2 protein chains.
Amino acid sequence: MFEFDINAKNGLARAAVFHTPHGFLNTPVFAPVGTQATVKSVTPAQLSELGASLVLSNTYHLYLRPGDELIAKLGGLHEFMSWPHPILTDSGGYQVFSLSKTRKIDSEGVTFKSHIDGSTHRFTPEKSIQIQENLGADIIMAFDECADPNDPVYIRTAMQRTHVWAERSLNAHTRQDQALFGIVQGGVDLELRVESADFISSLPFPGVAIGGLSVGETKDDMLKVLDTINSHLPVNKPRYLMGVGTPEDLINGIARGIDIFDCVLPTRLARHHSAFSKHGRLNMMNATFASDTRPLDDDCQCYTCLTFTRAYIRHLVAAKEMLAGTLLSIHNLHTLVELVKEIREMIFNGVFEENIPKLLDIWKYNANKAISE
Amino acid sequence: MFEFDINAKNGLARAAVFHTPHGFLNTPVFAPVGTQATVKSVTPAQLSELGASLVLSNTYHLYLRPGDELIAKLGGLHEFMSWPHPILTDSGGYQVFSLSKTRKIDSEGVTFKSHIDGSTHRFTPEKSIQIQENLGADIIMAFDECADPNDPVYIRTAMQRTHVWAERSLNAHTRQDQALFGIVQGGVDLELRVESADFISSLPFPGVAIGGLSVGETKDDMLKVLDTINSHLPVNKPRYLMGVGTPEDLINGIARGIDIFDCVLPTRLARHHSAFSKHGRLNMMNATFASDTRPLDDDCQCYTCLTFTRAYIRHLVAAKEMLAGTLLSIHNLHTLVELVKEIREMIFNGVFEENIPKLLDIWKYNANKAISE
């Protein structure tokens, strides 16, 4: 279980197979986000059809609603959401810090108020692992503290706490059918990041996650962190860059040795009527698409592009029809899943490195701009 | 084209095949409603999979947005919405009377204001037919006036106007690949209904619709109208009961010789978290379903019931996830499509009439109650 077989390398990029109890993952892999045990507006059948293999779900949300104990009683998250393929859950740490209104952190854990009903709850490393064991995902995360990367003093405290909590998470974990990943923190401080990478790598985790990026720092800072810690991570374990990213981020991340990605961007953009495309991001509210008979992206093979015109999708957006969100989600998710798959082929063929400038050029106009643009 | 082959009868009920340019329809048939060229929250692939064969779309809505001329330019409604099977459009008459704020009716037509932007428009029989020819549905409707059934004086005026407009619609219609249906009006006044049925039946329409029901009258009044006009309708042409209905309405309508039905109820109920079931209508917000591992309906074979538990759907509803509307729409639409298909089999086997009490007993708790119930 949890073997990680690297089949090809190209520069720092790796093409591998990660074995889980619910089937193997071809990496690099992009995971759609199903926050509340559903990838918003997309059925599991549509997810499979668009090529998704790994889905991420959120410990914080599922703990609060419907409750991890209920999900355990119903047979676990795979059965609950009818996704028989690999699932990854985060530790809840990031959501506690980003979503709950009042929170109080101490060395033992975090006390916070539910964003749903204001009720008080407490997460500790042990509690987070217990919840994740109830959910039963294939890949689970150590409990960490994700601090503001622009607060250089506090970031050290948060990192040190994350290290202690990593060991406590390891000790608390009992299920053999789950791969528990440690999380590297340290903000954009390269020395702290090296220290954290060395520490987390020294622990017997079957995989390593890189947290605290894509949370407000610059793209340059993110890439510098990845460049710096690369040689401090175990070579033969999967590396997961949490909460990233845009098409560019995927290209840049894989080029720096990342194997697993997740991001809400494709489905969030879809609900705000934006589509990824090789010609730049399309705002489907735009009247220029009203009589455009082309698909969203010329040679995309997703259900949306094989079936519908831009004119129809623009009509759905203008008429505020729910189907718009579904069709755009299918397209945006397929775009990222397919991009990563294409890069994997390039790694096997030894041509990814030489194609990076071309890939970045194609996808550069799809960056994470403000949704109102 | 437009042959209507009656293959079996049982009492007044008929099992037939209606031939259209986009394939044949097995009747009785229930048509999901795609008001704005989309059955809300359901893809055409899902519609096909759940067994739908005919989809209704709205002339009034598509004329206003995105415009019938644009749809014609884009290849017609079938191509626009990617539904290669039969489509029916209404005449826009009902929506003008129910949706637009100010309207002025005269013997020539209706002037009304758009519910979207308040702009002024005018429908005449000729205009309605022109729009429907632009849309290009297989089955289209004569322009009619749908009056309040509780205004016995005015209902005669509206009926007489509908008759004049029926002839004008016939004269205006040029496309040979569309079946234009006349519409019987007359409110709940049985004498007027007979007069209207006789008049509309005397015209060379390939099919007859019964309008102005399910608009506020009692169920008893509706059934009395159907009982009374039956012998005044042409035997060998399809009969379409507009805007109906509930499972009970379908059973009662087929028993009175109706062949085609449409209704927004299954998708509207779905968006208000209600599911049809043989045990009565389920309000999926209800906490009693939180740990219920059964499907929505025990032996339903729709994607939703084959894949998900009530507990999961209840979670989606509580978490306000879009997928709830999609999964409930699939189930509710499949339920009606399947009920009608089951009745068709019974007609072939000569056992529908004897099973009517049993069918009504099974489905009686799914009536069109207020959504808040």
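Mentor: Before we look at the sheet, a word on pairing: two strands are said to pair if DSSP finds at least two bridges between them. Please also keep in mind throughout that this is a predicted model.

With that in hand, the sheet in chain A is an open one of 3 strands, in the order β1-β2-β3, and its pairing is antiparallel. β1 (4-10) and β3 (23-27) of chain A stand at the edges with a single partner strand each, so one side of each is left without a neighbour in the sheet. From one strand to the next, the twist averages 10°. Strands of a sheet pair through backbone hydrogen bonds, either parallel or antiparallel. Here β1(A) and β2(A), the latter spanning residues 13-20, run antiparallel and are joined by 6 bridges; within this pair, I6(A) stands opposite A16(A) of β2(A).

Where they meet, 26 residues of domain 1 of chain A are in contact with 29 residues of domain 2 of chain A. On the domain 1 side, the elements that give two or more residues are β1, β2, β4 (29-31), α1 (44-49) and α10 (247-255) of chain A, so that two strands of our sheet, β1 and β2, belong to that list. The element that gives the most to this side is α10(A), with 6 residues. By class, the side of domain 1 of chain A that touches domain 2 of chain A has 15 nonpolar, 7 polar and 4 charged residues.

The nonpolar core can be followed next. The largest one has 232 residues, and those with the most contacts inside it are F181(A), I313(A), F181(B) and I313(B). This core draws at least three residues from each of domain 1 and domain 2 of chain A. Taking I313(A) as an example, and not counting residues up to four places away in sequence, this residue touches M284(A), L296(A), F308(A), A324(A), L327(A) and L328(A).

Strands β8 (residues 110-113) and β9 (residues 120-123) of chain A run antiparallel and are joined by 4 bridges, and the bridge partner of V110(A) in β9(A) is F123(A). These strands form a hairpin with 6 residues between them, and in the turn G118(A) has a positive phi of about 75°. As for helix α6 (residues 125-135) of chain A, 9 of its 11 residues are buried, so the helix is largely enclosed by the rest of the structure. Its buried residues include K127(A), Q132(A) and E133(A), as well as I129(A), I131(A) and L135(A). The helix α6(A) is followed by G136(A), whose phi is positive, near 85°.

Technical notes:
Residues are numbered from 1 along each chain as its sequence is written. Chains are lettered from A and ligands numbered from 1 in the order in which they are written. This is a predicted model: local features need pLDDT of at least 70, side-chain atom pairs count only at pLDDT 80 or more; totals for chains, interfaces and linings use all residues. Axes are lines fitted to C-alpha atoms, for helices over the stretch in contact, and angles run from 0 to 180 degrees between N-to-C directions. Two residues are in contact if their C-beta atoms, placed from the backbone, lie within 7 Å. Ala, Val, Leu, Ile, Met, Phe, Trp, Tyr, Cys and Pro count as nonpolar, Asp, Glu, Lys and Arg as charged, and the others, Gly among them, as polar. A residue is buried if 20 or more other C-beta atoms lie within 10 Å of its own, exposed if 12 or fewer, and partly exposed in between; C-beta atoms are placed from the backbone. A nonpolar core is a set of buried Ala, Val, Leu, Ile, Met, Phe, Trp, Tyr and Cys residues joined through C-beta atoms within 7 Å. Domain bounds come from an automatic or database domain assignment.
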